[in-house]
Amino acid sequence: MDQDELRYLELLAEKFPSIADASAEIINLTAVLDLPKGTELFASDIHGEYDAFAHVLKNGSGSVRLKIEDAFGPSLTEAEKRQLATVIYYPREKMELILDGMSSQEEEAWIRQTIERLITVVKQASGKYTRSKVRKALPPEFAYAIEELTTENNHAVNREQYHQTIIQAVLDTGRGRAFVEALCQAVQRFAVDHLHIVGDIYDRGPAPDAIMDTLANYHCLDIQWGNHDIVWMGAALGQRGCIAHVVRNCARYGNLSILEDAYGINILPLASFAMDAYADDPCVAFGLKGNPDLPDRQYEVAVKIQKAMAVIQFKVEGQLIAEHPEFELDDRRLLHRIDYERGTVDVNGTVYELTDTVFPTIDPSDPYRLTPQEESVLERLCQAFMGSEKLQRHMRIFLEAGSLYKISNGNLLFHACVPLNDDGSLKQANVFGKPYAGRALYDVLDHAVRAAFFSEDEAERERSRDLLWWMWLSPSSPQFAKSKMATFELYLITDKEARKEVKNSFYSLTDDPEAMAVIFRDFGMDPNRSRIICGHVPVKAKDGEDPVKCGGRVLTIDGGFSRAYQPTTGIAGYTLISNSYGFVLAAHEPLESAAAAVEQELDIHSSRRVVERVEERTLVADTDTGLRLQQRVADLERLLAAYRKGLIQERA
């Protein structure tokens with residue numbers, strides 16, 4: 001045995017100081033390896049739709065209702081199952097409705113019956129986990145009582161009587177409602193063992209902050225950053241192009257409250273400037289998206305803020321492109337190509353009429369220069385974004401739980417794509433003067449994101465922050481990988497040809513096994529056993545588009561959580577479930593509201609499609625976690641051998 005091996009085993013011996021300790025751990029780990037793998041849930045493109053996303057988490061993408069069905073079958077009516085499911089999803093709110101007006105005796109009877117039913121569901125949901133894992137996952141206040149009620153025991157008493165004694169103690173101490181809530185939390189916890197968010201938590205919807213607060217406390221999570229997440233990360237760092245986009249987009253979807261109420265960003269100076277600069281401007285090209293329910297005055301303010309920030313964005317982006325010719329985005333600089341007298345613009349040799357010709361803050365002789373008022377507004381916004389404690393805390397969640405891509409249990413997870421050429425080869429992108437493609441491109445960009453936050457080199461931090469802006473919109477970036485129309489064209493040119501988005505070849509090659517094999521091999525994966533899970537481009541299910549590509553090797557799961565995209569997709573989002581039996585894709589219908597879910601017991605109706613069913617149940621031993629545990633067992637077996645040979649001495 002060499003010295004490095006001996007030193008490692010001596011360190012391991014500090015944690016397992018005897019043959020008995022090491023042997024016990026080997027036995028425990030071996031037992032875990034033979035259990036069915038936990039359920040993984042994949043979701044993407046949530047776009048601030050907290051109510052729908054939270055409901056999917058609460059119902060485990062439909063798995064909680066299946067657990068209820070498995071636990072009770074025909075012994076409960078459909079109405080009883082529906083009410084029990086709603087209690088599990090929204091225990092506090094539903095109990096307030098049900099128990100309101102009941103006598104104390106009626107309330108006690110209902111709580112007793114509900115506890116007994118929930119215990120049955122907890123048993124069903126936690127059956128494939130070790131007692132140790134179950135114990136650690138239970139709400140601490142009631143962990144002992146729940147464990148006693150959900151596990152078989154050899155107490156020398158009548159088990160039913162023993163359980164009733166525990167339940168009666170809960171009721172006698174006035175903790176019945178709290179105990180029901182704890183059981184419901186346990187069911188939700190066991191329904192999903194690991195959550196994967198495949199990008200785009202932010203933009204469009206009204207409550208990305210609530211989603212981030214939920215994820216902050218989630219038991220097992222990873223996030224693959226989407227382009228809309230990246231632009232918020234840049235904004236949090238004070239990157240001007242990112243801030244201009246974020247504020248404009250919040251105004252466009254009628255969600256300025258995200259900035260003010262959620263993140264404490266004062267937009268009063270911006271509102272005052274916009275109402276003054278565009279006082280008599282009808283802002284004809286800047287109507288709001290998604291028909292937000294705003295009073296007339298708020299609607300008018302949001303429209304004018306949107307135009308004010310759009311013009312600021314045109315200018316700031318023009319400055320950034322001029323500073324970074326390596327970004328190769330010169331075709332997005334259009335202000336100097338406007339004929340301000342005729343109201344036209346020349347885009348790559350084609351002249352288009354503008355939809356709006358009122359530009360009181362643009363100097364045609366120096367169109368990219370911010371006015372002093374615009375400069376003041378933007379500087380205040382930069383300070384507010386960087387000074388928002390809550391926003392900075394949410395960005396830390398991205399950094400701690402997130403990355404640009406992840407390889408997990410044979411799945412390659414990324415938000416948008418791996419850029420490809422038309423022939424299926426990896427497409428290169430220029431990053432800081434060097435060409436990168438495939439995994440190397442993802443790695444260098446992942447490093448740049450972290451450098452933007454943490455590099456001790458001020459110059460590296462600055463250029464990495466500008467790269468965040470490039471990442472969120474460039475057709476060369478794997479975060480976007482389509483020729484996105486300039487924001488200018490989005491607003492000011494109605495010609496459909498000028499506004500057409502051209503996607504990277506990845507999207508036309510997702511059914512090509514050879515092209516996908518190029519990606520798998522580049523990421524060190526087996527093309528015959530691996531799959532890609534991504535989002536970003538909404539799947540038009542209403543038009544018959546299939547999210548399952550390449551014989552199940554590629555799964556695109558952007559189905560329209562965002563209400564603004566639901567008319568395009570025809571559904572309200574996909575989620576993907578991977579359990580010990582295989583993969584199931586769930587297509588969800590819209591959630592009316594959380595209140596309707598509680599009051600009318602309306603669940604999200606989902607159609608479930610088996611993508612892959614394995615012949616033998618997948619065990620923990622077959623997962624990445626299982627590989628780590630098997631390596632741990634091998635290490636402990638070497639430690640046992642060292643103890644027995646006397647190379648390491650046991651400790652008392």
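Modeller: A residue counts as buried under 20% relative accessible area, as exposed over 50%, and as partly exposed in between, using a 1.4 Å probe and protein chains only. By that rule D526, at 35% relative accessibility, counts as partly exposed. The model is predicted, so local features need pLDDT of at least 70 and side-chain atom pairs count only at pLDDT 80 or more, whereas totals for chains, interfaces and linings use all residues. Residues are numbered from 1 along each chain as its sequence is written, and side-chain values use heavy atoms, with hydrogens and water left out.

The axes of α9 and α10 come within 10 Å and cross at roughly 155°; an axis here is a line fitted to C-alpha atoms, for helices over the stretch in contact, and the angle runs from 0 to 180 degrees between N-to-C directions. Helix α9 is therefore roughly antiparallel to α10, because angles over 145 degrees have that name, while those under 35 are roughly parallel, 65 to 115 roughly perpendicular and the rest oblique. The crossing of α9 past α10 is left-handed, which means that the near helix is turned anticlockwise from the far one by less than a right angle; clockwise would be right-handed.

The residues of α9 that take part are Y144, A145, E148 and L149, and they meet Y162, H163, I166 and I167 of α10. (Contact means heavy atoms within 4.5 Å.) Sorted by class, this contact has six nonpolar residues, one polar and one charged.

Helix α11, residues 176–191, leads on to another pair, for its axis and that of α6 (residues 91–99) come within 10 Å and cross at roughly 140°. Helices α6 and α11 are therefore oblique to each other, and α6 passes α11 in a right-handed crossing. From α6 the contact takes P91, R92, M95, E96 and L99, and from α11 it takes R177, V180, E181 and C184. Five of these residues are nonpolar, none is polar and four are charged.

A further pair is formed by α13 (residues 227–236) and α21 (residues 458–473), whose axes come within 8 Å and cross at roughly 160°. They are therefore roughly antiparallel, and the crossing of α13 past α21 is left-handed. Here N227, I230, V231, M233 and G234 of α13 meet L468, M471 and W472 of α21. The contact has six nonpolar, two polar and no charged residues.

Helix α20 has 17 residues, 438–454, and reaches 25 Å from its first C-alpha to its last, close to the 24 Å expected at 1.5 Å a residue; the expected span is 1.5 Å times one less than the number of residues. Its buried residues include L441, Y442, V444, L445 and A451. A451 is 445 residues from L6 in sequence, and their C-alpha atoms are 37 Å apart in space. L6 lies in helix α1, residues 3–15, and is buried at 17% relative accessibility. Apart from neighbours within four places in sequence, L6 is in contact with M1, L647 and I648.

D526 is in the loop between α23 (513–522) and β14 (531–534), and its C-alpha is separated by 8.2 Å from that of G410, 116 residues away along the chain. S61, between α3 (50–58) and α4 (63–72), has a positive phi of about 55° although it is not a glycine, and it is buried with a relative accessible area of 0%. R204, between β2 (194–197) and α12 (208–216), is likewise not a glycine, yet has a positive phi of about 80°; R204 is buried at 16%.

Terms used. Helix = DSSP H or I, 4+ residues; strand = E, 2+ residues; numbered from the N terminus. Nonpolar A, V, L, I, M, F, W, Y, C, P; charged D, E, K, R; others polar.
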